[in-house]
Amino acid sequence: MNNYLLEANELSKTYKMGKVDVPALKNVSFTIEKGSFTAIIGTSGSGKSTLLNLLGMIDNPTSGSLSFNGTQISQLTNKQQTKMRAEQIGFIFQSFHLVPVMNVLDNVALQLYFSRSDKKRRKEAAIHALQSVGLGSHLHHYPADLSGGQRQRVSIARAIAKNPEVILADEPTGSLDSKSGAEVIDIFKQLHKQGKTIIIVTHDLEIASIANQQLILRDGELKETRTSKIQELRQYYYSS
Ligand SMILES: Nc1ncnc2c1ncn2[C@@H]1O[C@H](COP(=O)(O)OP(=O)(O)O)[C@@H](O)[C@H]1O
Ligand SMILES: [Mg+2]
C-alpha cells in the first residue's frame, strides 16, 4: 500500500477541433501524495487546465490512466465516477461559476445535493463552510452583491462543504487583486494544515513556492517535477 492519492500514468488528452487534433497533454506521469500541496505551473496554453480537469474527473483522458486512492478511474461506471467526484473532489474555477439567481447559502448547499441527502444537514454544512471562509454574515447576499474576493471565497466554501479528500483550484487568484488573492491563499494554507490534499494551477510563483512539489508543464509535456524555494523557482522559471 502506498500513500498516493493520485497516480497519473502516461496521461494524454487530445482535443478534436473538426478535423484537427489539438494535443493538449502528452504522456504525463506523476504521483500526488495524500495531504500534499502541489502547484501546477507553466505558460498559457501549456495544458494546466486540461490536466486539472482530468484530475478532477471533469474530463476523461484520451489515453493513459489515472488512479484515485488506488482505484483506476477508467474502470468505474459513469455513476460511480459521479459519486466519487461529488463526495471526494472539491473543484474551484477561476471564474467562480456561481449561480446568479441563488443566494450564497443556496449556492453552497446546492453542491451538497449529490453527497448529502438530508436538507437540514446540507444547510448546516454550507453555513459551516461559509463561516470558515469568513462569510458567515453574508449567507443571504447574492453573487452580484459581492466583491471578486468574496465570490471566490463562496466558491471555495462550495468546494469544501462536502469535506472532500482533495481540493483542486484553477488559477484561484488569477482575477483577484493582491489583497483578496492573499486572503484566498491563506485559506488554502489552512486547508492544507488541516490535512487536505491541495492542487493549484497558478502563475504566482510565490504561491507555487509554498507547495511541496511543482509540476512544470510546457507544450503539454511535464518538463519537470521539483520542490523549490521562491528564489530558485524564479531563476528556473525566467531563465528557461
Ligand atoms: N475544449 C478545447 N478544445 C480544443 N482545444 C482546447 C480545448 N481546451 C484547451 N484547448 C487547447 O489545449 C491547449 C492547452 O490548453 P489549456 O489546458 O487550457 O492550457 P492552460 O490552462 O495551461 O492555459 C491549448 O492549445 C488550448 O488552445
Ligand atoms: Mg488554464
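Me: Which strands does helix H1 lie across?
Reply: In this predicted model, helix H1, made of residues 48-55, lies across E1, E2 and E4, and its direction runs at about 60° to E2.

Me: And what sheet do those strands belong to, in what order?
Reply: They sit in an open sheet of four strands, ordered E2-E1-E4-E5, in which the pairing is antiparallel. The edge strands are E2 and strand E5 (71-72), each of which pairs on one side only.

Me: How many bridges join E1 to E2?
Reply: Ten bridges join strand E1 (residues 4-17) to E2, and the two run antiparallel. As an example of the pairing, lysine 16 stands opposite aspartate 21 in E2.

Me: What do E1 and E2 form, and what is the phi of glycine 18?
Reply: E1 and E2 form a hairpin with two residues between them, and glycine 18, which is in the turn, has a positive phi of about 65°.

Me: Which residues form the nonpolar patch on the surface?
Reply: That patch is formed by Met17, Val20 and Val22, which together have about 270 Å² of accessible area. Valine 22 has its place in strand E2, residues 20-33.

Me: Why does valine 22 count as partly exposed?
Reply: Valine 22 counts as partly exposed because its relative accessibility is 32%, and that class covers values between the limit for buried, under 20%, and the limit for exposed, over 50%.

Me: Switching to serine 63, where is its place?
Reply: Serine 63 is in strand E4, which covers residues 63-68, and at 34% relative accessibility serine 63 also counts as partly exposed.

Me: What does serine 63 touch, leaving out residues up to four places away in sequence?
Reply: With those residues left out, serine 63 touches Glu10, Leu11 and Ser12. Serine 63 and serine 12 are 51 residues apart in sequence, yet their C-alpha atoms are 5.2 Å apart in space.

Me: How many bridges do E4 and E5 pair over?
Reply: E4 and E5 pair over two bridges, in the antiparallel sense; serine 67 has glutamine 72 in E5 as its bridge partner.

Me: Now the six strands that form an open sheet: what is their order?
Reply: The order is E6-E7-E8-E3-E9-E10, and the pairing in this open sheet is mixed. Strand E6 (89-92) and strand E10 (221-226) stand at the edges, and each has a single partner strand, so one side of each is left without a neighbour in the sheet. Neighbouring strands of this sheet are turned by 15° against each other on average, with direction ignored.

Me: Do E3 and E8 run parallel or antiparallel?
Reply: They run parallel, with four bridges joining strand E3 (residues 37-41) to strand E8 (residues 197-201). Within that pairing, phenylalanine 37 stands opposite isoleucine 198 in E8.

Me: Which strands of the sheet does H2 touch?
Reply: H2 packs on the sheet and touches E6 and strand E7 (166-170), while its direction makes about 70° with that of E6.

Me: Last one, glutamine 81: buried or exposed?
Reply: Glutamine 81, which lies in helix H2 (residues 78-88), is buried, because its relative accessible area is 10% and the cut-off for buried is under 20%.

Me: And what does glutamine 81 touch?
Reply: Not counting residues up to four places away in sequence, glutamine 81 touches Met57, Asn60, Ile73 and Leu76.

Conventions
Residues are numbered from 1 along each chain as its sequence is written. Chains are lettered from A and ligands numbered from 1 in the order in which they are written. This is a predicted model: local features need pLDDT of at least 70, side-chain atom pairs count only at pLDDT 80 or more; totals for chains, interfaces and linings use all residues. Side-chain values use heavy atoms; hydrogens and water are left out. Patches are made of residues with over 30% relative accessible area and no salt bridge: like charges are joined within 9 Å, nonpolar side chains (Val, Leu, Ile, Met, Phe, Trp, Tyr) within 5 Å. Accessible areas come from the Shrake-Rupley method with a 1.4 Å probe; for residues, only the protein chains shown count as cover. A salt bridge is a side-chain nitrogen of Lys or Arg within 4 Å of a carboxyl oxygen of Asp or Glu. Buried means under 20% relative accessible area, exposed over 50%, partly exposed in between (1.4 Å probe, protein chains only). Contact means heavy atoms within 4.5 Å. Two strands pair if DSSP finds at least two bridges between them. Axes are lines fitted to C-alpha atoms, for helices over the stretch in contact, and angles run from 0 to 180 degrees between N-to-C directions.
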